[in-house]
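Work through these exercises with the sequence and model open. Try each task before reading its solution.

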Amino acid sequence: METLRTILTRSEKQGVALGHFNVSDLVLLKAVLAAAAEIEVPVLVGASEGERDFLGTRQLAALVKSLREESGVPIFLNADHTHSLTKAVEAVKAGFDSVVADFSALPFAENVSRTKEAVEALKAINPSVIVEGEIGDIGTGSEIHDTVGNQFRNLTTPEEARQFVAATGIDVLAPAVGNMHGMLKSMVQGKAKKRLNIERIGDIKKAAGVFLTLHGGSGTDDADFRNAIAAGINIIHINTELRVAWRQSLEENLKRQPNEVVPYKILPPVIDSVKEVVASRLKLFTGQPTGTEVRVAAS
């Protein structure tokens with residue numbers, strides 16, 4: 001099977017992006033895999049430190065490897081938002097294909113030194129592992145928020161991106177370009193959308209010269225996604241949209257079957273609901289017709 005780097009290189013040449021979807025249970029993982037298999041595109045599965053603590057780092061790696069071998073789907077595994085070298089090393093040793101070494105909460109100089117240390121240590125374990133670094137503030141937590149903080153107005157500059165990439169040796173850069181983790185309640189209700197600074201993405205791409213990741217993609221305007229990919233975004237992270245679909249579908253199915261207690265009879269509709277969201281995003285990111293813009297209805 002092709003490597004993650006090969007797929008990213010080809011995707012960039014084709015003007016498409018790789019969809020990245022976080023998972024925290026088997027329902028989400030099955031939904032992501034089913035969508036990628038149906039549309040026949042590669043996919044990147046992510047798990048943050050919290051998600052890995054819940055699922056088990058080695059257990060998730062073994063599960064994804066098994067599903068990849070059985071299905072033939074090019075599914076790759078990313079250790080999302082990893083804030084310590086110890087956790088990053090653990091993920092690489094478990095077999096993860098990429099790691100987000102996220103020290104963006106630290107001052108710029110310390111972020112550079114910690115990220116550089118992570119790149120050197122992780123590639124000493126596996127030279128082919130993809131290491132991502134992050135600069136700028138896009139918040140934390142794929143959750144539902146009431147308001148947007150002022151920190152999201154501080155975008156990554158092209159010069160910061162150039163310096164960071166040159167000093168750290170990262171393979172992928174995650175900048176702040178109007179994106180944020182989580183969604184506002186108005187976005188869940190379909191009344192508002194995130195808007196990206198497309199010009200800034202293009203400027204950062206030219207300055208950095210590496211693959212770019214868009215974190216916090218849930219709730220973003222579809223046209224902005226298309227324009228962001230054209231400007232240089234290579235990977236797009238979606239998490240909150242999946243979590244909202246997971247919860248809403250579960251609640252609805254429990255209401256329909258108030259006396260059902262068998263998990264494998266309750267959960268299939270949840271898998272289908274999450275799969276629908278993933279499939280629509282994968283089509284959008286790869287330039288395929290989606291029908292209508294993705295909407296996550298309020299419960």
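His81 counts as buried because its relative accessibility is 11%, where buried means under 20% relative accessible area, exposed over 50% and partly exposed in between (1.4 Å probe, protein chains only). Residues are numbered from 1 along each chain as its sequence is written. This is a predicted model, so local features need pLDDT of at least 70, side-chain atom pairs count only at pLDDT 80 or more, and totals for chains, interfaces and linings use all residues; side-chain values use heavy atoms, with hydrogens and water left out.

**Exercise 1. Find what surrounds Glu49.**

Step 1. Start in helix H3 (residues 49-55), which holds Glu49.
Step 2. Look for a charge partner. Glu49 is buried yet has no salt bridge, a term for a side-chain nitrogen of Lys or Arg within 4 Å of a carboxyl oxygen of Asp or Glu. The nearest side chain of opposite charge is Arg52, 4.7 Å away. Lys and Arg count as positive, Asp and Glu as negative; His and the chain ends are not counted.
Step 3. Check the backbone. A polar atom of the Glu49 side chain lies 2.7 Å from the backbone nitrogen of His83.
Step 4. List the contacts (heavy atoms within 4.5 Å). Leaving aside neighbours within four places in sequence, Glu49 is in contact with Asp80, His81, Thr82, His83, Ser84 and Lys87.
Step 5. Follow Arg52. Its charged end sits over the ring of Phe96, 6.0 Å from the centre. The rule asks for NZ of Lys or CZ of Arg within 6 Å of the ring centre and within 35 degrees of the ring normal.

**Exercise 2. How many aromatic pairs are there?**

Step 1. Apply the rule: rings of Phe, Tyr and Trp (its six-membered ring) pair if their centres lie within 6.5 Å; planes under 30 degrees apart count as stacked, over 60 as edge-to-face and the rest as tilted.
Step 2. The count comes to two aromatic pairs.
Step 3. Phe108 and Phe164 form a tilted pair, 6.0 Å centre to centre with 55° between the planes.
Step 4. This pair links distant parts of the chain: Phe108 is in helix H6 (residues 108-125) and Phe164 in helix H7, 56 residues apart.
Step 5. Phe108 is partly exposed at 30% relative accessibility, whereas Phe164 is buried at 0%.
Step 6. The rings of Phe225 and Phe285 have centres 5.2 Å apart and planes at 75°, so this pair is edge-to-face.
Step 7. Phe225 lies in helix H10 (residues 222-231) and Phe285 in helix H13 (residues 268-285), so the pair ties together parts 60 residues apart in sequence.

**Exercise 3. Is Thr168 buried or exposed?**

Step 1. Thr168 is found in helix H7 (residues 158-168).
Step 2. Thr168 counts as buried because its relative accessibility is 4%.
Step 3. Its side chain reaches the backbone oxygen of Phe164 at 2.7 Å.
Step 4. Not counting residues up to four places away in sequence, Thr168 touches Val112, Thr115, Lys116 and Val119.

Notes:
Helices (H or I, at least four residues) and strands (E, at least two) are DSSP runs, numbered from the N terminus. A polar contact is a pair of N or O atoms within 3.5 Å; within protein, one must be able to donate a hydrogen and the other to accept it, and residues adjacent in sequence count only if both atoms are side-chain atoms.
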